Amino acid sequence: MALTQPKLDATEARLAGLTLPESRALASNRAEALTRLRAMGLPGRRDEYWKYTRPDTLVAPEAAPAAVFDTYETPVFGEVDRVKIVFVDGVYDAEASDNLDLAGVSIERLADAEGHDIHWSKDLYGVLEARGQDPVDRPLAALNTAFATDGVLIHVTGKAAKPVSLIYLHADANSDAILHHVVRLDAGADLTLLENGPAAARFNKVLEVDVADGAAFHHVRAQGRDHERRAATHIFARLGAESVFKSFTLTANGVLTRNECVLELTGDNAVAHVAGACVGDGDFHHDDTVFITHDALNCESRQVFKKVLRNGATGVFQGKILVKAGAQKTDGYQISQSLLLDGDSQFLAKPELEIYADDVVCSHGSTSGAIDEEGLFYLRSRGIEEGPATDLLTLAFLAEAIEEIEDETLAAEILARLEAWLARRRAG
Amino acid sequence: MLEIKNLHVKLEEEDKRILKGVDLSIEPGSVHAIMGPNGSGKSTLSYVLSGRDGYEVTEGAATLDGHDLLELEPEERAALGLFLAFQYPVEIPGVGNMTFLRTAVNSQRKARGEEELSAADFLKLIRAKAKALKIDADMLKRPVNVGFSGGEKKRNEILQMAMLEPKMCVLDETDSGLDVDAMKLVAEGVNALRSQGRSFLVITHYQRLLDHIKPDVVHIMADGRIVKSGGPELALEVEHNGYADILAEAV
Ligand SMILES: Nc1ncnc2c1ncn2[C@@H]1O[C@H](COP(=O)(O)OP(=O)(O)OP(=O)(O)O)[C@@H](O)[C@H]1O
Ligand SMILES: [Mg+2]
């Protein structure tokens, strides 16, 4: 179908400001992504998939400025022994980054790898993204594949001795960053990937993960903290037999966040969990869009999303479980809930199930509610002030999502960030 | 300690009068009991004292050691030493009993300008108090009141009271739903706290609890008023004859 004129114009206006990076190994991957993008056009306000979230600022030729948030805050994951890789406004910072040697893992920068004639990432870079374009267009991800300026390519051959930690600092109020990472886990390999930081005024990020048979991938990310930042992120993952994929995201602040997660369970007995907790205030708009395809026997998927919203904040959840014919014994669970701390905030949810197999168990639920007044009074009657009592109930509401983080140290880190955020909100 | 004068209360949302002039004076160290038919306003009195939303005081006053209770937030009343053991303790999914109690104890200490209890001291204290009430470690770890049996919830209320060491304790039907042994445990818990500076207001339907916790004064509440007060023998009279005679006499 031909693109409408406004869509065509918007797409070309955005492309006019971008240049395809020099590439040898991945030149055709990038060129194909550009072709895909031109065929679908950038998202517009009328697109069904963008009904609840306005894509305008994400597709505009220029990033809207975002003030750098300079309040001192203890960075998340500070207590975790990890390999740190730092990007400032999307630019790799060698000084601040650790040595990339890690037993069981090979880590390269995208910008370096592309200089080679051939590279393993050719089989994955933009390939999982392209698979994720069906049945729904994800043009911002295609744009990312074509124009990403850097990223990391991680090949995991064994059990990684420690987590790899991507740290995204934001220093320039006008920065516009596009990063693309690829993680390939060989059979039986095991990696934990951490991500944190505001990254840029506008951030477009794609993470492609290929989880081979029996491999395990754990992902914990904390999207902070600058109030005016905008981000569109995509995760594309393919899961082999008996593999495990678990991803958790905490989001606090940011005027606009769209996190898409597209998972494909292609091997029997695979397990995929994706969870998110977000706390938003004021002109905060947060969108979780998840698409999980079951295409193998006896797989389990879980989606657990919790949003705390106040002062007019908006939360969006679009989550779909697609069970293909033959994907028998699928166990699919999806829950999305919001806690609205006032009448101005809103939660828009579109849960979907599409099932073509007859022997499956799938459940989904979505709720919106206010703070439990009975519980609040009970806590206050024991001497806990209204603010901290509300925080206790808020954390209790978020608990089911945080419990999705398997590693206790990481869960504690996330909890501490949340507690600090809530306390800071109260301090004003 | 607690002075209630001509207290009139209606529902905030509708024009329904519930308390119609309650007078009550509780001296330090004493135990008062309130009995009365269902719907007479006993729980409402306890809620209004502790500051729950939804009620409007149209007349009268309530003070604790001279502090105007009705002016204060629920947490401020608690910090002054007021405690309500709820008739229906609230379940709070996701908040661990232990976390809840430690936050409560330390909030009150902070409000009173005292030093917070260390984690270790708190643990030692709660273990000892829980043991006396036969509350096991598992119940302490579970979310507040979630999945607790009726009797366990009531014992949990008494545990909170023991930890918070309030000076004015209001017990709203803490005996209902308790088996004979649990009733004894609860009564022992209360008796252990009885002291010169601490008073109790025990709301109950049954004489049995009052066998264990000997009251100094018994009040009968009916239709939003205290219609009769007397010694422990008044409770026995209710037990034997019901309320009919007392109410007829009061009219
Ligand atoms: N929030 C409310 N909404 C409507 N009615 C209420 C409310 N609170 C109290 N009432 C009414 O006020 C009256 C007094 O209720 P309250 O719970 O104080 O009685 P009680 O003496 O504690 O009774 P019981 O012995 O059954 O516990 C009842 O008629 C009750 O229905
Ligand atoms: Mg009652």
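1. In this predicted model, Ile321(A) faces Leu353(A), a residue of strand 18 of chain A.

2. Which strands make up the open sheet of chain A, and in what order do they follow one another? There are 9 of them, in the order 3-4-6-8-10-12-14-16-18, and their pairing is mixed. The edges are formed by strand 3 (105-109) and strand 18 (346-355) of chain A, each of which pairs on one side only. With direction ignored, neighbouring strands of this sheet are turned against each other by 5° on average.

3. The peptide bond between Asp134(A) and Pro135(A) is cis, with omega at about 10°, and Pro135(A) is placed in the loop between helix 5 (127-131) and helix 6 (139-147) of chain A. Asp89(A), a residue other than glycine, has a positive phi, near 50°; the loop that holds Asp89(A) lies between strand 1 (83-88) and strand 2 (91-92) of chain A.

4. Chain B contains an open sheet of 6 strands with mixed pairing, and the strand order is 6-9-10-3-11-12. Why is one side of strand 6 and of strand 12 of chain B left without a neighbour in the sheet? Strand 6 (82-85) and strand 12 (225-230) of chain B stand at the edges and each has a single partner strand, so one side of each remains without a neighbour there. From one strand to the next, the twist averages 20°.

5. Within the chain B sheet, strand 3 (residues 31-35) and strand 10 (residues 199-203) of chain B pair in the parallel sense, over 4 bridges. His32(B) stands opposite Leu201(B), which belongs to strand 10 of chain B. Helix 1 of chain B lies across several strands, including strand 3, strand 9 (168-172) and strand 11 (217-222) of chain B; strand 6 of chain B is also among those it lies across, and the helix runs at about 145° to strand 6.

6. Helix 1 (residues 42-50) of chain B also gives the most to the shell around ligand 1, contributing 3 residues. There are 15 residues around ligand 1, of which Gly39(B), Lys42(B), Ser43(B), Thr44(B) and His205(B) come nearest.

7. Which distances separate oxygen atoms of ligand 1 from polar side-chain atoms of the protein? For Thr44(B), an N or O atom of the side chain is 2.5 Å from an oxygen atom of ligand 1. A polar side-chain atom of His205(B) lies 2.9 Å from an oxygen atom of ligand 1, and for the side chain of Gln87(B) the corresponding distance from an N or O atom is 3.2 Å. Of the 640 Å² of accessible area that ligand 1 has on its own, the protein covers 65%.

Terms used. Residues numbered from 1 in each chain as written. Chains lettered and ligands numbered in written order. Predicted model: local features only at pLDDT ≥ 70, side-chain atom pairs only at ≥ 80, totals over all residues. Heavy atoms only, no water. Near = heavy atom within 4 Å. Polar contact = N/O pair within 3.5 Å; in protein donor to acceptor, adjacent residues only side chain to side chain. Areas by Shrake-Rupley, 256 points an atom, 1.4 Å probe, with all protein chains shown as cover. Helix = DSSP H or I, 4+ residues; strand = E, 2+ residues; numbered from the N terminus. Pairing = 2+ DSSP bridges. Axes fitted to C-alpha atoms, helices over the stretch in contact; angles between N-to-C directions. Contact = heavy atoms within 4.5 Å.
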